[in-house]
Amino acid sequence: MATKSKSKTPAWKTGEWSISQEQYKQIANKREPSRSVYKNCIRAFLVGGTICLIGQVIQQMFISFAGMSKEQASSPTVVTLILISVILTCFGVYDKIAQWAGAGSAVPVTGFANSMSSAAMEHRSEGLVLGVGANMFKLAGSVIVFGTVAAFIIALIYLIFGINIKHG
Amino acid sequence: MHVGRQTWLFKNKPVIISTGTVVGPDEGEGPLADTFDYVHEDLDMQEKSWEKAERKLLEQATQAAVQKSTIQENQINYFVGGDLMNQIISNTFAARKMGLPYIGVFGACSTSMESLAIASLLVDTGNAEYVMAGTCSHNCTAEKQFRYPTEYGSQKPPYAQFTVTGAGAAIVAATGDGPRVIAATIGKIMDFGLTDPFNMGAAMAPAAVDTIQAHLADLNRTPSDYDLIVTGDLASVGLPIARDLFKENGLSLEGTVFNDCGLMVFDLETQAVQAGGSGCGCSAVVTYGHILQRMQKGELKRVMIAATGALLSPLSYQQGESIPCIAHAVTLEMEG
């Protein structure tokens, strides 16, 4: 090692870094595996579509076997889907589906149910009030907040432009 | 003895006389399954909360280390440990049962080597005869504190890492048989402005490189002097970046094996762990299990472990701060 003493100290021995943050980001980006957008879109389409199809089957069953009208069947259909989602969350299956499905399992009502039930389960150890109660909307809360804000803005637009809404 | 910029050279060469490793089910299905002292079949470990389960891991690892040694627990002078939980509760609560003088440290996933370095320093300087160093992590406590509820269905990116459920403990002594701790380098905080908390391998790579380079420069060594150089948890994204940086800095890794504990603890082909393992337990269970066992068999003479840590908090990244990272390196040697 001592024979090389005449040459310049190599960069690694100096403890100095010559690369900038931007240069480092370029080095790091080269090694970052990309998320496959197309694959994710197809998977989301398949899983999201399947969940909606299951919902449609459930709705049809309420209409055919329980003698409900289409409007009457919609609420129990949603409740049934939520129940299925919560059961799958409790058995530790929903997160595994989501890793494969991406947005496909996050967007439908089942995703909302999963976000609430998973938070409730996770924080059960901190008690019913400060744990379950306070944390249940930890993830779903922002959906409700921005859903309400969006609804308010739409309502304003309707009001300003004098659009009449017919309630069903 | 302080040498170079940031390295402690241990003249009396403290000995790791015993270690204990306890892991969860996923690590038990990994390629290093046979090297652990105990493998739990469930993540909850018959405890009521994830936090209690993590604490149990550490308690069992320290107990295993004591049982495998020739000393009693009350002969240990100090316990040095830390973990990922807020206020390092896993170690503090485990230390409550031990009744030993306790030094709590935090270096995120670098805590394994940080605690080993401090334990070795205490022994080398004659301030203690026996010191226990320990650390632990649990996949579910880490998910709960740093990410989302464990059962929440969100898709993890391919560069995310899987926190190891496991605990490792080592007893460092002034005399005895076993691998010796020769030197330790305390790392500097490195921050190249990366902000994605899922991409920790990329954030930590410069810290690992900086510490490994400092360790070699301070000890006047080259990588070929080592049979094995391992990083803590850079995984499949961070390790190639570290190689790129070494190349950029003109350091050749020829003549050594350069690997990462996060890649060794899981089988990336068959296990759904994305880029590989992470967490305090990751480098602890791999070092105190697999690596030390190979040293004792005579397969490895000199090893450097550079445990890496991302020192972020859930609050700091939500506020848009970048991720400060650190790495601490320790050289272990097997004599004879």
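In the predicted model, Tyr78(B) stands opposite Val131(B), a residue of strand 7 of chain B. Strand 5 of chain B (residues 78-83) is mostly covered, with five of its six residues buried (under 20% relative accessible area with a 1.4 Å probe, protein chains only). Helices (H or I, at least four residues) and strands (E, at least two) are DSSP runs numbered from the N terminus. Strand 5 runs parallel to strand 7 (residues 130-137) of chain B, and six bridges join the two; pairing requires at least two DSSP bridges. Strand 6 (residues 102-104) of chain B is also parallel to strand 5, through three bridges, and here Val80(B) stands opposite Ile103(B).

The largest pocket has a volume of about 770 Å³. Of its 29 lining residues, Asp95(A), Lys96(A), Asn139(B), Thr150(B) and Phe162(B) are the closest to the centre. A pocket is an open set of points on a 1 Å grid over the protein atoms alone, where a 1.4 Å probe fits, with protein on both sides within 12 Å along at least five of seven lines; lining residues have an atom within 4 Å of a point. The volume is the space filled by probe spheres set on the points, which are joined across faces, edges and corners. Helix 5 (94-101) of chain A and helix 5 (139-146) of chain B each supply at least two lining residues.

Residues are numbered from 1 along each chain as its sequence is written, and chains are lettered from A and ligands numbered from 1 in the order written. Local features of this predicted model need pLDDT of at least 70 and side-chain atom pairs 80 or more, whereas totals for chains, interfaces and linings use all residues; side-chain values use heavy atoms, without hydrogens and water.

Technical notes. Buried < 20%, exposed > 50% of the residue type's maximum accessible area, 1.4 Å probe, protein only.
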